Amino acid sequence: MVPSAEFRSYYGRPVLKAPVWGQAVPAYLFTGGLAAGSALLAAGADLTGRAGLRRAARLTAVGAVGASGFFLISDLGRPERFHHMLRVAKPTSPMSMGTWILTAFGASAGVAAAGELGPWLPGRGPFGLARRSLPGVGRAAGLAAAGFAPALATYTAVLLADTASPSWHEAYPELPFVFAGGALASAAGAALVAAPVGEAGPARRFAVTGAALELAAAHRVETGHGLLSEPYRTGRAGRLLRAAWALTAAGVAGALLGRRNRALSAASGGLLMVASALTRFGIFEGGVASAKDPKYTVLPQRERLDARSEAGLPNHQGNPVTPARQQLADDRVAGHLAGHQQAS
Amino acid sequence: MAVSHSLYGQIEPAADAGYQDPQPRMGFFTDTSVCIGCKACEVACKEWNGVPDDGLNLLGMSFDNTGQLDANTWRHVAFIEQSRPQLLGLPGSAPPVPASQEGGADVRWLMSSDVCKHCTHAACLDVCPTGALFRTEFGTVVVQEDICNGCGYCIPACPYGVIDQRPGDGRAWKCTLCYDRIGDGLMPACATACPTESIQYGPLDELRERAARRVERLHETGTVEARLYGHDPADGVGGDGAFFLLLDEPEVYGLPPDPVVTTRDLPAMWRRAGVAALTMAAAVAAAFVGRAS
């Protein structure tokens with residue numbers, strides 16, 4: 001039920017502080033997902049003998065994880081203190097967990113990408129030894145990266161949901177599915193751009209399942225939470241998410257139709273990546289908008305409080321005004337008024 | 001320090017954080033029914049804590065030209081002017097009513113000094129990824145300025161919109177409940193400066209008893225709209241270390257009516273992320289299994 005839009009506030013000011021995060025954070029939501037999806041694609045390609053797809057996906061993963069690190073550090077208020085993140089490992093802080101997931105993933109993805117350097121090394125001497133051992137090392141590191149990848153793709157949903165920003169918190173059941181699906185779809189997009197068309201079959205299947213998961217979960221976020229879904233359908237967030245929906249659909253169609261067409265594959269891959277990025281920016285903006293307008297804070301809480309009062313449960317406001325106490329107060333007021341009239 | 005951290009429920013925060021021999025939990029009881037809006041608390045806080053000024057603004061919000069709690073405002077006096085049928089509170093406390101308005105509307109002026117709530121379950125502290133925010137032996141919540149790297153996570157996590165990033169500095173700042181004073185047995189600067197004892201500092205148990213007596217007395221003398229806010233250990237944040245006596249709904253003062261610490265749902269959030277991660281892995285396996293192209 002959508003509560004009535006009537007509510008009281010302090011001069012219409014927000015109750016909550018909106019996140020101070022800049023656009024680097026939704027950009028990271030995209031690059032982190034792209035890195036995670038690409039590492040999974042690379043590991044699968046490696047195990048099924050698709051060397052071209054493997055190379056493209058590994059390089060995408062390492063590039064995206066590098067960009068992620070840049071975005072995250074640049075968004076800090078004190079970037080030179082980024083390593084303070086490594087002082088602790090706190091399960092109650094999704095950002096702390098994410099730091100460790102990203103660090104482990106980044107190291108593995110880096111080694112896996114280095115595994116692609118083998119063919120460029122000379123065949124003899126110490127470089128020859130490196131050249132011969134690189135495929136095995138690359139595979140082990142690539143599988144490790146793939147092991148961390150699902151956590152990297154989904155923890156960011158917990159990162160946003162574990163805040164007081166009403167529309168992020170309320171969407172916590174669906175957000176990880178939006179981000180998991182988007183990670184697969186964007187990795188598919190990168191592979192359709194960069195990998196040989198003949199090896200891109202798994203990428204097309206990534207595109208279909210990823211986009212389906214992303215769109216279905218995003219639909220629940222945009223419609224399933226009453227008043228708190230509203231910020232995802234209005235304003236900038238609404239425009240971003242509507243554009244993302246259209247581009248995702250076009251990208252999937254292009255990916256399926258362009259099985260033998262390099263140009264169409266690449267174009268649809270580009271659309272899938274842009275669509276996934278727009279979804280992240282839309283989800284980000286929706287949560288920010290919900291924190292800036294006090295109605296999204298006050299109305300759901302007021303409704304919860306009133307429901308509790310009606311059910312006769314404590315409303316946490318101490319010494320509620322009982323009928324007897326109200327009567328006592330009324331009597332005192334009446335007595336005071338009577339005295340006032342006598343005096344005048 | 002062993003970490004066995006509760007995310008929800010009624011606890012003693014300092015003991016829960018791992019202190020073997022914690023001090024009594026200290027806090028504020030802000031009785032807004034005696035606040036006169038002098039802003040001595042705002043000034044004393046800025047002076048003692050060396051909080052930078054944040055401009056000279058005219059906000060058009062009654063006498064409030066501060067606006068809100070933020071990185072540079074750790075006490076904020078709210079002013080609310082209400083036109084409503086005259087309330088007869090404590091006998092003799094009401095201003096004389098002009099003849100023209102007799103029986104009609106009157107202006108009621110609410111004033112309240114807001115501050116960090118030092119929650120029992122503090123979301124800012126839970127989500128801090130560097131350990132810069134910590135629980136003191138007094139059960140309060142403090143930011144270590146030499147650790148904070150300005151990640152900003154505490155800011156949207158706070159259900160009261162208290163903590164904020166300081167412009168030009170990048171780090172997060174908020175009320176420390178004068179951690180540097182109370183360890184030496186002094187009162188926090190704001191409570192020391194308050195001329196009407198609207199801001200009362202002391203052991204939380206004692207303050208809660210005092211507040212219950214005060215609201216009882218206000219009800220008996222006709223101020224039936226008096227209610228406590230943040231005093232109840234059964235509420236959504238496990239009770240506030242700094243709680244209030246209000247004369248209207250909390251949202252009128254810019255306070256959330258029924259805040260719940262976001263980390264209450266964190267185990268459920270991790271579970272959903274785990275299911276999504278497994279779904280993702282299954283989708284990847286399906287994309288590669290049994291197909292040649």
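Two residues are taken to be in contact if their C-beta atoms, placed from the backbone, lie within 7 Å. The model is predicted: local features need pLDDT of at least 70, side-chain atom pairs count only at pLDDT 80 or more, and totals for chains, interfaces and linings use all residues. Residues are numbered from 1 along each chain as its sequence is written, and chains are lettered from A and ligands numbered from 1 in the order in which they are written.

In the interface, 72 residues of chain B are in contact with 76 residues of chain A. Several elements of chain B give two or more residues to this side, including helix 7 (204–220), strand 9 (227–229) and helix 8 (266–288). Helices (H or I, at least four residues) and strands (E, at least two) are DSSP runs, numbered from the N terminus. Helix 8 of chain B provides the largest share, 14 residues. By class, the chain B side holds 39 nonpolar, 19 polar and 14 charged residues. Here Ala, Val, Leu, Ile, Met, Phe, Trp, Tyr, Cys and Pro count as nonpolar, Asp, Glu, Lys and Arg as charged, and the others, Gly among them, as polar.

Chain B contains an open sheet of four strands in the order 8-1-10-9, with mixed pairing. Strand 8 (199–203) and strand 9 are the edge strands, each pairing on one side only. Two strands pair if DSSP finds at least two bridges between them. Strands 1 and 8 of chain B are antiparallel over five bridges, and B:Met26 stands opposite B:Pro203. Strand 1 (residues 26–31) runs parallel to strand 10 of chain B, with four bridges. B:Phe28 stands opposite B:Ala242 there. Three bridges join strands 9 and 10 of chain B, which run antiparallel. B:Leu228 has B:Leu245 as its bridge partner.

Strand 10 (residues 242–246) of chain B has five of five residues buried, so it is largely enclosed by the rest of the structure. A residue is buried if 20 or more other C-beta atoms lie within 10 Å of its own, exposed if 12 or fewer, and partly exposed in between; C-beta atoms are placed from the backbone. B:Ala242, B:Phe244 and B:Leu246 point one way, B:Phe243 and B:Leu245 the other.

In helix 7 of chain B, B:Leu204, B:Leu207, B:Ala211, B:Val215, B:Leu218 and B:His219 are buried. They cover an arc of only 105 degrees around the axis, which puts them on the same side of the helix. The arc is that of the directions from the helix axis to the C-beta atoms. The face turned away carries the exposed residues B:Asp205, B:Glu209, B:Arg213 and B:Arg217.
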